[in-house]
Amino acid sequence: MRISTKLLTILGATSLAAAAALLAGSGVDRSPIGPAPDSAKRLMRTGDGTCPSGAGDAGAGPEMIRLPAGFCIDKTEVARGQYAAWLETSPSVGKQTAECAKNEDFTPTCNWPPDAEPNRPVTCVDWCDAKAYCEAAGKRLCGRIGGGAVPFAQYDDPVISEWHAACTSGGKYEYPYGAELDTKLCRGGDAEDYTTWGLVDVGSLTGCHSPDATYQDVFDLSGNAAEWENACDGDGPEAGCHIRGGSFEHNEHGLRCAMARELHWPRMRAVAAVGFRCCAD
Ligand SMILES: [Ca+2]
Ligand SMILES: [Ca+2]
């Protein structure tokens, strides 16, 4: 009843400032009068919220980094050992949304089981496997900032795409580390040491990141495994979905953050060069 009395008092107030003063002293709600509840929630999430935990802290998958753009992203590609831990929980394929109704198995189709390489990125997973993993981890497959899918043609807009914002440090750079290709920093197909050509352990290339805080804590956005994005050109199993950042098979052009215009594969395709990472609010 006390709250009702206060509400009636506020309804009778002649200005927002008066209402704010009443609320501040009421003991009911000490928040200042501001945006509508939905907007306020979004503002609270932006920049200073807590990211979902990674496997090292009772959560699942990589540790997450909160970016200035106001969302969290996995520090690295999801590793095979992390993916295996999820499969050991026997996740149900029956809980998938309509576009993934034909995904009958979450098991990678190659580079599996992890054996002695649990820290290599998990690959040979289709878009639906990636989406299901992220959701089980309390995250989402990286897509639109704020949630949902990136419109297919807007993959290279850092205000819209989480993945693109992370890779370009908010639209600043062509590659995670700067304007020009440096073959020594990330795992591309034109790295000089071809004796170790192929995937490397996630986060092991210590220079493959942005120079800017906090983007600098996110690794391998260019090269190593290319990464599925929640950015598809339709709802069916054959619809094309963007894969981002190029892989150990790509050269200068393919390793750019914006390399995706030509690079979109069918949703249910699973190959050795494509993995993923997850995002969250
Ligand atoms: Ca699958
Ligand atoms: Ca990558």
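**Core, sheet and loops of the predicted model**

Trp-228 touches Trp-127, Ala-130, Leu-141, Cys-241, Ile-243, Val-274 and Phe-276, leaving aside residues up to four places away in sequence. The model is predicted. Its mean pLDDT over the chain is 85. A pLDDT of 70 or more is reached by 80% of the residues. Residues 1-47 stay under 50 in pLDDT. For that stretch the model has 27 contacts beyond four places in sequence.

Trp-228 belongs to the largest nonpolar core, which has 63 residues. Trp-228 is among the residues with the most contacts inside this core, together with Phe-71, Ile-73, Ala-130, Tyr-133, Ala-166 and Cys-278. Several elements each supply at least two residues of the core. The helices are helix 4, helix 5 and helix 6 (162-167). The strands are strand 2 (72-74), strand 4 (226-232), strand 5 (240-244) and strand 8 (278-280). Helix 5 gives the largest share, six residues. In soluble globular proteins, nonpolar side chains tend to be buried together.

Helix 4 spans residues 80-87. Arg-80, Gln-82, Tyr-83 and Trp-86 are its buried residues named here. These residues lie on the same side of helix 4, because they cover an arc of only 160° around the axis. Helix 5 (127-136) is included in what covers them.

Four strands form an open sheet with mixed pairing, in the order 6-5-4-7. Strand 6 (264-266) and strand 7 (274-275) stand at the edges. Each has a single partner strand, so one side of each is left without a neighbour in the sheet.

Strand 4 is mostly covered, with seven of its seven residues buried. Strand 4 and strand 5 run antiparallel and are joined by three bridges. Trp-228 has Ile-243 of strand 5 as its bridge partner.

Strand 5 and strand 6 pair in the antiparallel sense over three bridges.

The loops hold several backbone features. Most residues other than glycine have a negative phi, and most peptide bonds are trans. Asn-111 lies in the loop between helix 4 and helix 5. Its phi is near 50°, a positive value in a residue other than glycine. Asn-111 has 20 other C-beta atoms within 10 Å and is therefore buried, since 20 or more is the cut-off for that class. Pro-113 is placed in the loop between helix 4 and helix 5. A cis peptide bond joins Trp-112 to Pro-113, with omega about 0°.

The loop between helix 6 and strand 4 contains Asn-224. Phi of Asn-224 is near 60°, a positive value in a residue other than glycine. Asn-224 is buried, because 31 other C-beta atoms lie within 10 Å. Thr-214 is placed in the loop between helix 6 and strand 4. A cis peptide bond links Ala-213 and Thr-214, with omega about -10°.

Gly-146 sits in the loop between strand 3 (140-141) and helix 6. Gly-146 counts as partly exposed, because it has 13 C-beta neighbours inside 10 Å. Residues with 12 or fewer would be exposed. The C-alpha atoms of Gly-146 and Glu-162 are separated by 8.6 Å. Along the chain the two residues are 16 residues apart.

Note on methods
Residues numbered from 1 in each chain as written. Chains lettered and ligands numbered in written order. Arc of directions from axis to C-beta. Contact = placed C-beta atoms within 7 Å. Core = buried A, V, L, I, M, F, W, Y, C linked by C-beta atoms within 7 Å. Pairing = 2+ DSSP bridges. pLDDT = per-residue confidence, 0-100.
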